[in-house]
Amino acid sequence: MLLRTLRRRGGTIIVAIMLGALALAALPVGAAPFDGTRSQFADARFNTVWTRTDSQNVRGGRSWYWGPGPWFDYAEFYRQGENGLRTVQYFDKARMEINNPADRSGPNQGVTNGLLVKELVSGRMQLGNDPYDTDQRPAADVPVAGNPRNSNTMAPGYSVFAGLATIDNGYRDPQRLNETVASTIDRNGNLGLRSDLALPETKIVQYNSVTGHNIPQVFWDFMQLQGRIEVDNKIQNGPVVDWLFAMGLPITDPYWTQAQIGSETKDVLVQLFERRVLTYVPSNPEGYKVEMGNVGQHYFQWRYSHLGMPWAAPDPSLPLVYASNIDTGSHWEVYMSNNAGGGTRITRNPQETVAFSWRRSWDPAMLTLLVDSRRTNAQFRQIYEYDVNAIYKGDFSANTFVRRLTYTDGTEPPNNAPYPGYLPNNTANNYNASYSPDGTKIVFVTDRWGGQELFIMNPAGNSPTQLTNQGCINESPTWSPNGRYIYWTSNCDGDFEIYRGEIAYNYEGSWSVDARLVNVVNLTNNTVDDRFPRVSPDGKTIAFGSNRDGNWEIYTMSSASGDTLRRLTTNNASDDSPTWSADGSKLAFASDRDGDFEIYTMTLDGNNTTQITNNSAQDRWPLWAQ
């Protein structure tokens, strides 16, 4: 083991830098939205909980308790989690969580089911065990029932229930046992009465004295339902669900509302519980009159509004972009490959602009691109984000949006600009900005403290936190698909080597993020340069460039240990800057094998090489799906 001292502001820490051959044989799997396995269970315990109620062996004509299957998983911030992270997986009806991987207590083996409805109504996103440890956001205007908002303008959103819900505010409704439910609520929160909806099955039969809310017969029957369940691979009869675990306590009384469901407008009885929403549609078929609302979808739309609707969309495909001086003759601009030997120009700036990472989305309109640019000052690289119109129409076209994230070149920031934090040298470069897979964090390189160090910030760009402080060159950060690891290169030992570190979070909120690197591992250790690492979509392999055989070639190795080294290119030219396709089947790279740098692709065995660009300019720094 090689010990290296990493000096950080506020003290010195000792980090064990382990040689690749001595590293752990495997890294934790699961919790990765774009690795191609999001429809699989991120943890076997999630599968066990889901199987009890929703497996095809037991469900029959019964409505879903979780949904047909998972569609998004990740490592989300939770203060008491390992490194400040917990594994979560989203279903149509809810989210499952594992806060402590070692906890296998209780009938659900440590799986919890978040208080998502409370968060949606209050806007207070829970950050830890303490109920007051929250991040305040706008409450959700996502419809509590029916279609998404763009095709469901009439249904109330969660936010309108704030004055009618018990959310740490002492609100209680009076007991109404034996009354039927005729109260209505509209999108604006206006209450009314419809006597025609006071159906016998809506008679109040329970009053929860803890939160002070009435439960109608139709919902209480559903909560107490006996039926077929699957436990330990055996089919048996019993309570279909532990309603307190699945739903939590009621936080509102039941109300009738109207919602667009498919192409029809329907009357829907809704009641909000801490974890779920119950809906009753009298016109639905038997077995589906009462259903769990799509709280998992609703919460996801609120928390990850930039990611679209993964339950309704295929994984996004991304264009191949690269930098070229074909039109300028001097500085780099960004181009999109058109598969015809050239590219379509995206940027038109007086100084260089180079793309480094995508923020992916299941909504094509939400795709964005992070670039390094000197567009406002030739001396300093700054970070900008291009919206989808700027990407496909060019940043010079109408109706495009280019957002500046850093202001460290002497430019006076506007009033609504990100807060850059303390700048000891007043001016600095910021570049190699890499979005986390879920699009909520950005790791980048800056020289604001002297060396070229890694910092982390959220997309707001406020007050970045320093991750490295070695006084040398750190560059090319790239994320593991599950968001738990950062890979990058550093020349602290005299040549460039590839490192991996776990990100441990102290805080993550809508305004800022605070984190540190722990358990740093040296994946390569030699006397030559290993640079430009990119992690495969499944997280198992790193592609990189190295001059270890006398000139720059493309290699791959294990992301867990640095072994299983494979050389993919063999020629006298320089091959560098590999980048993965979204499905992990190909690499794009830059090579000067025809006399100037062009962009090529190849399969992972180093064969089937295809030349993408063909001109007399220099085409460099390809970016595909990272």
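Biologist: What makes the meeting of the side chains of Asp 327 and Arg 345 a salt bridge?

Modeller: In this predicted model, the N to O distance between Asp 327 and Arg 345 is 3.8 Å, and the cut-off is 4 Å between a side-chain nitrogen of Lys or Arg and a carboxyl oxygen of Asp or Glu, so the pair counts. Asp 327 sits in the loop between β19 (321–324) and β20 (333–337), and Arg 345 in strand β21 (residues 343–345), so that the pair, 18 residues apart, links distant parts of the chain.

Biologist: Why is Arg 345 called buried?

Modeller: Its relative accessible area is 16%, and buried means under 20%, therefore Arg 345 falls in that class.

Biologist: How do you know that Arg 95 and Glu 76 form a salt bridge, and what does the pair tie together?

Modeller: Their side chains meet at 3.1 Å, N to O, which is within the 4 Å limit, so the name applies. Arg 95 belongs to strand β5 and Glu 76 to strand β3 (residues 72–82), so parts that are 19 residues apart in sequence are tied together. Arg 95 has 0% relative accessibility and Glu 76 has 2%, and because both values are under 20%, both residues count as buried.

Biologist: What makes Lys 441 and Glu 508 a link between separate parts of the chain?

Modeller: The closest N and O atoms of Lys 441 and Glu 508 are 3.3 Å apart, and the two form a salt bridge. Lys 441 is in the loop between β26 (430–435) and β27 (442–446), whereas Glu 508 is in strand β32, so the bridge joins parts that are 67 residues apart in sequence. Both Lys 441 and Glu 508 are buried. There is also a network, in which salt bridges that share partners join Glu 76, Arg 86, Arg 95, Glu 97 and Arg 303, and the structure as a whole holds 31 salt bridges.

Biologist: How do you know that Cys 472 and Cys 492 form a disulfide?

Modeller: Their sulfur atoms are 1.8 Å apart, and the limit is 2.5 Å, so the pair qualifies. Cys 472 lies in the loop between β29 (465–466) and β30 (474–479), and Cys 492 in the loop between β31 (485–490) and β32 (497–508), 20 residues apart. A search of the whole structure finds one disulfide.

Biologist: What makes Asn 233 and Ser 476 stand out in their phi values, and is each one buried or exposed?

Modeller: Phi is near 65° for Asn 233 and near 55° for Ser 476, positive values in residues other than glycine. Asn 233, in the loop between β13 and β14 (234–239), has 73% relative accessibility, and because that is over 50%, Asn 233 is exposed. Ser 476, in strand β30, has 7%, and because that is under 20%, Ser 476 is buried.

Biologist: How do you know whether the protein chain agrees with a compact globule?

Modeller: With 626 residues, such a globule would have a radius of gyration near 25 Å, and the protein chain has 27 Å, which agrees.

Conventions: Residues are numbered from 1 along each chain as its sequence is written. This is a predicted model: local features need pLDDT of at least 70, side-chain atom pairs count only at pLDDT 80 or more; totals for chains, interfaces and linings use all residues. Side-chain values use heavy atoms; hydrogens and water are left out. Helices (H or I, at least four residues) and strands (E, at least two) are DSSP runs, numbered from the N terminus. Buried means under 20% relative accessible area, exposed over 50%, partly exposed in between (1.4 Å probe, protein chains only). The radius of gyration is taken over C-alpha atoms; the globule rule is 2.2 Å times the number of residues to the power 0.38.
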